[in-house]
Amino acid sequence: MNREQTKMTGIRKGLDINRSEHEAISVRDNDKEDTDEGGHSKIAHMQEQQSLITELRHNRVIRSKVILSICATFVYAMLGWCKGQTGPAFLDILYISGTDLEKGSAFMTSYSTGSAIGSIIGGSFYSKGNRYLLLVVALAIYSLTRALIPWCVLYELMITAHLAHGICAGVINVVVLSVAISIWGATSRGRVYLNMFLLSDSAAGLISPMVTSPFLLPRTKDIVMHNGPRNSTVATTSTFIMEGNAATANATTNSNIIQIEMPVSNVYIAYSISAGLAFLVTLPFIVLCAKWPKNGTKRSVNEVPHFLGNLPLTIKRLQLLNVGIFSTFYMAVYFIFTGYLPAFCVEHLRWTKASGAWLMSVVYFAMLGGRICGTYLAHFFKPMKMLVLSTFLHVVGLVGLSVSGVFLADVGIWISVCVIGIALGFTWPSLLSWTNENLIPVRGKVTAFILLMGSAGTLSSPLLFGYMMEEVSPIWFCFLNLGKTCITIVNVLLMFVYTRSVSSKSRMEQNNKHSDS
């Protein structure tokens, strides 16, 4: 009996020892798992804290993204350079083709028509093939047409060159903007990069007028030419020597036609520089085009954007249309303002062409400042508030420009142009960010739609502005821009209501979930 009790006691002790050993092992395993989990969380946190420079050294994917980001930014900067050059050189282009401001507006219209066609082409083929090949072809033709424009002495040939130039610009805009937005996605880096990407447009546009100015015609205005190109030798002229708002006229009458040697414009040098820049930014994409993966087309087809949020699909589509209408009037004002401002200064304010070119540089400098401010303010304010602020500043600036134009107040012109430039600087990034975060991801076809609607505004505006400035008064440059900007106020209000509706519905759904739980 005692032996059996002793044996049972030994067995119990052995079981207790085994149980305690098993519990100790389990505790050690749990501690090890907790340690591993803590280590993984620390590693993840360290990876999040890792600087971009460190990632560039060790992460090949990040390096590829940074290189692609730089290449896309250079392309967009080149477009900004060319846009900044168009305004100061516009009067020389009119002089080369032997036409006036009203007829010369057809150049802007043909460019806008081409841009609309190019947006359709870019949106259609963006997801159906090698997007870099599409970009390379568009950039190559863009470079060629840029170099040829100053040599088109025939009116019809100048229109054709601007049409082809616009088609290429439309394709480039759609492809490079879609690529830029998709590189980093909807991340904090993506938002910062988008502002930097759009910032390059203003930075290049700031320098371009200053580079173009030395190649423009002297500060004279040849009003009447017998519908001849720049190499005509017989003209009825009225030459104005302009200093600020004062003008001294030295005119010959129609009955006293004299033989004169027409001056030759050197604007072709400035356009050749732009063509060279367009060719240079093409080279990296030739390499990317050659490295395009075989399954890249299939992967691109799957990148179909879908609407965000829980509102009815009809409301979302109507809101996308509202975004398109905002793009129409914003692009119309931006295109006309940067394209016709030097002509307004020369025709209405009696400034020199050089002064008009410097004012254009001020516009792009203000836009650059607006983009920088927008990048900083984006950390504190949502895109909706940024849109409201930029639209308000835009209206205030155009009111000041109109009043200053009526009273020929030079100081008011400079101040108003600065305000307008700042507003233009962060309006477009705010619109794209709001659409991408609240409505639908901005990719191929969506980008094409927004730019196509913008092209509709630039297409319809030049003829109207050219007619009113030539036949009525150049001051209508200010009045028409102000009227178009006032329409964007309605678009912004509709976006504000949509944003509030989405927020209200999200809160209701969260409250219903809490009540159900």
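**Close-up views of a predicted model**

**View 1. Ile273, Leu277, Phe279, Leu280, Leu283 and Ile286 form a nonpolar surface patch of about 500 Å².** A patch comprises residues with over 30% relative accessible area and no salt bridge, nonpolar side chains (Val, Leu, Ile, Met, Phe, Trp, Tyr) being joined within 5 Å and like charges within 9 Å. A salt bridge denotes a side-chain nitrogen of Lys or Arg within 4 Å of a carboxyl oxygen of Asp or Glu. Accessible areas follow the Shrake-Rupley method with a 1.4 Å probe, and for residues only the protein chains shown count as cover. The model is predicted: local features need pLDDT of at least 70, side-chain atom pairs count only at pLDDT 80 or more, and totals for chains, interfaces and linings use all residues. Residues are numbered from 1 along each chain as its sequence is written, and side-chain values use heavy atoms, with hydrogens and water left out. Leu283, a member of the patch, belongs to helix H8 (residues 267-290); helices are DSSP runs (H or I, at least four residues) numbered from the N terminus. Leu283 is partly exposed because its relative accessible area is 37%, where buried means under 20%, exposed over 50% and partly exposed in between (1.4 Å probe, protein chains only).

**View 2. A surface patch of positive charge gathers Lys382, Lys385, Arg500 and Arg507.** Lys and Arg count as positive and Asp and Glu as negative, while His and the chain ends are not counted. Each charge is placed at NZ of Lys, CZ of Arg, CG of Asp or CD of Glu. Arg500 is part of helix H15 (residues 476-516) and is exposed, since its relative accessible area is 51%.

**View 3. The side chains of His165 and Thr145 are joined by a polar contact of 2.7 Å.** Such a contact is a pair of N or O atoms within 3.5 Å; within protein, one must be able to donate a hydrogen and the other to accept it, and residues adjacent in sequence count only if both atoms are side-chain atoms. His165 sits in helix H6 (residues 155-184) and is buried, with a relative accessible area of 1%.

**View 4. Arg350 has a positive phi, near 60°.** Most residues other than glycine have a negative phi. Arg350 occupies the loop between helix H10 (313-347) and helix H11 (353-377) and is partly exposed, at 26% relative accessible area.

**View 5. Leu408, not a glycine, has a positive phi of about 55°.** Leu408 lies in the loop linking helix H12 (383-406) and helix H13 (410-438). With 37% relative accessibility, Leu408 is partly exposed.

Key. Helix = DSSP H or I, 4+ residues; strand = E, 2+ residues; numbered from the N terminus.
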